[in-house]
Amino acid sequence: MSSETQETYLSKKGIWEWIVSVDHKRIGLLYIWSILIFFIIGGTFALLVRTELIAPGRTIVGPDTYNIFFTLHGAIMVFIFIVPGIVATFGNIIMPIQIGAADVAFPKLNRLSYQIYVVGVIVILIGLLHPIDTGWTFYTPYSIENDSAVITTVFGAFLLGFSSILTGLNFLVTIHKMRAPGMTWYRMPLFTWSIYATSIIQVIATPVIGITLLLLIAEKTLGVGFFNPKLGGDPVLFEHFFWFYSHPVVYIMILPAMGVVSEIIPVFSRKPIFGYKAIAWSSIGIAAVSFLVWGHHLFVSGQSAVVGIVFSFLTMLVAIPTAIKVFNWITTLWKGQIQLDPPMLYALAFVFLFAIGGLTGIFLASINLDVSLHDTYYVVAHFHYTMQGGTVIGLMAALMYWFPKITGKMYNQKMAKVAFWFTFIGFNLTFIPQFLLGLHGMPRRYYDYLPQFHIYHFLSTIGAYLLGTGYVWALINFVVAAFSKKAEKAPANPWGAETLEWKVPSPPPPLNFDEIPTVTDWPYNLGQKKETAA
Amino acid sequence: MWQIMLAILPEPASSFAGEWDSVYSIVSWITGIAFLLVEGALIYFIFKYRRHKGESDKETPFFTHSTKMEILWTAIPTVIVIFIFFIAAKNFVTIRTIPKDALEISVTGQKWQWTFVYPNGVKKTTAHYCEGDANLKTLHDCEAAGKKWSWGDPLVVPLNKNVRIKLTSIDVIHSFFIPEFRVKQDAVPGTYNFLWFKPIKTGTFRLFCTEYCGDLHSQMLGVVKVVPENEFNAWLAKEASGASEEGKELSVEELVEKGKGLVQKAGCTACHAFVPGKRIVGPALAGIFGKEVKLNNGQKVMVDEAYLMESIKDPTAKIVAGFPPAMPPQNLSDNEIKAIIEYIKSLK
Ligand SMILES: [Cu+2]
Ligand SMILES: [Cu+2]
């Protein structure tokens, strides 16, 4: 049997082969393993936080430990898990194949990105010897006066940023220079478009956080007064620097997820994507506006009222490209033939949840409302709807969709659907009560709370357990399929998609294509019954 | 019907809270309708166009763009968000425009309490302790033990008068939030921020710290008490005469008693045990007077009044060996510190 003998990118065995490999698919797979392990760890911290909050007063730990829990939950989820989230994983494995390339433009640089990522993670793990309690935002002067491992953790985050910049650069050059003949910009799959927009942000915004974190380290070690008022510094300056990066970074997280969904919805509706150009350009539009809205985190910091109003206006504008994307996805469903396989379930859940995240964002962009809602649970619920309901659900959709391509196996689809419902119901049960808490005035990052908030916290914690069950279930299902000898073999194109990664065998050969393809059309001619039409 | 959206909010109790609520309610209706339309269409399409079991491939329309629709669904959200932006900004301008005739109260945040200073010098501080058992650290655990929890002194403000809060912090950033008044502003060290409100309802409300500030961030609460103006003036005058009494000589017993109250109110009990030998964040403060203590630079000093005064006034001046320099600067008068010292002396 030829398919048995054909060499795939997974053929070479042994740890050393993984360490030295510059194959984009291997590197991407290493990223997948890394981020999923840290997703479990970060999720465990979330469940510890939720368990402490199930009842008022002391439940399992004291306030100092609780503060460490929520800090580690945030820091691990943001820096180690969700920033590399979809870009470094599926951006690496899928994007080059989608544009008909044999690899990324700079394969060795790509390996270096992963190595820096690993070093960054190790540095952060060393910091756990004396875990930080500053919150993942490291606000000054709290982080300056703090004697936990702030320097170590911040340095780790700095390294992860470096890794992210190199990946972004690599992808930008790859998309510009490595497209197959005939792959014009408007024939590029939307996932690749989203990776392109994301890379722009990575390259432009990440250096700012790098410098900020270095300034913080300099202040802590050398006593140079940038942010500490006792040394003549300005603590709010840190907030500006921090959010100048950390707002755009939320689009580093969400844009690739939007790209994933833009691939899945047409395939499972058996219909071309609606508004291709609008989706492509709204990604670029979102990337551009994302640099101009950081001040919405500082409405009550002492920032002048006029500046606040300008930021409020610019933030409102983000709603427009976002809404356009949602309309396009929904219109793609119209008159389609919708097949609710696991990837589609997650993609549709993405649209549903992300819409809620977007609509509640309008409340927060309304500057007077934000005065009250800022730093309450309302914000916590809002960004979990976008970051988890959006990005993590998008990542799950991507895993469900590309798993057969990457491993050559098919997972148990029934199990995947059961896991989905746990996740979906658990997610809403966790975060809807948090919106109500925020409206009631419950501040975030609180170890303890007033008795009137109890019922909401209780429901939220129960939801979190369901949610955790859903994710663990789905991930175990993957691991079983990946390693069991009995798992069903996946064909080259199980979902009937048109993008190039489905034209190569599952799993793909080391150089992807026997011969670089020539592209003659966009990849969304779906459901036109081409084969029988003639 | 209009009111439904407002039921979950804290009751509006300041002059601009009503407008805040109308903006909230308008935004709720707009986004609520958008929610129903978007999610409704999503769910409806999923059910309507769903592929049934055994159904064969169907030909679907090649429908890839529609300039008319796309312009429409770009224009409508644009108009809507700009409208929302305007009504929100209008209320925000009111919230941030401080009337000239306001009564000014200086508010200082510190780990983990608020201090309020009135124009005539009356000073009040919030606290968080279980009366009768310093080991019970949360309201819930205290009440569960059948004891009474205290949030310390309330922030007393007059009804229907403009109040301006001059806000700062002496350590890290805190944030001053009164949900019923719809106000929040960060207390930033090294600078002053201002906010104002005009209470329109008597009663007690809650003051929260909303910027994460460390271990007892969730205990940095206070009570806000709105009273009619004449009652407020009488209260303030009475407190002022009480404050001048502070200078008067107290007996040692009275001082010890005062000091005992102060260490709870000022939050010392969060980090210090007042029984010998027990370590919390800082060293136990009982049984130390008159003994030698080892500092982190290897020196030894005698614990006397001067040393205690310095340790409390300027915590970083001398650091006890084996402890982190974690003690925040304190916002106490010399008289108050003297009372605390008497209390420490009394603990053998
Ligand atoms: Cu932001
Ligand atoms: Cu605080």
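Modeller: The second largest cavity has a volume of about 100 Å³. A cavity is a set of points, on a 1 Å grid over the protein atoms alone, where a 1.4 Å probe fits but cannot get out. The volume is the space filled by probe spheres set on the points, which are joined across faces, edges and corners. This is a predicted model, in which local features need pLDDT of at least 70, side-chain atom pairs count only at pLDDT 80 or more, and totals for linings use all residues. Residues are numbered from 1 along each chain as its sequence is written, and chains are lettered from A in the order in which they are written.

Biologist: Which residues are the closest to the centre of the second largest cavity?

Modeller: Lining residues have an atom within 4 Å of a point. There are 13 here, and B:His128, B:Tyr129, B:Ala134, B:Lys137 and B:Thr269 are the closest to the centre.

Biologist: Which strand gives the most to that lining?

Modeller: Strands are DSSP runs (E, at least two residues), numbered from the N terminus. Strand S3 (residues 123-131) of chain B gives the most, with 3 residues.

Biologist: Where does the second largest cavity lie relative to the domains of chain B?

Modeller: Domain bounds come from an automatic or database domain assignment. Both domain 2 (103-243) and domain 3 (252-346) of chain B contribute lining residues, so the second largest cavity lies between them.

Methods. Side-chain values use heavy atoms; hydrogens and water are left out. On a 1 Å grid over the protein atoms alone, a cavity is a set of points where a 1.4 Å probe fits but cannot get out, and a pocket is an open set with protein on both sides within 12 Å along at least five of seven lines; lining residues have an atom within 4 Å of a point. Helices (H or I, at least four residues) and strands (E, at least two) are DSSP runs, numbered from the N terminus.
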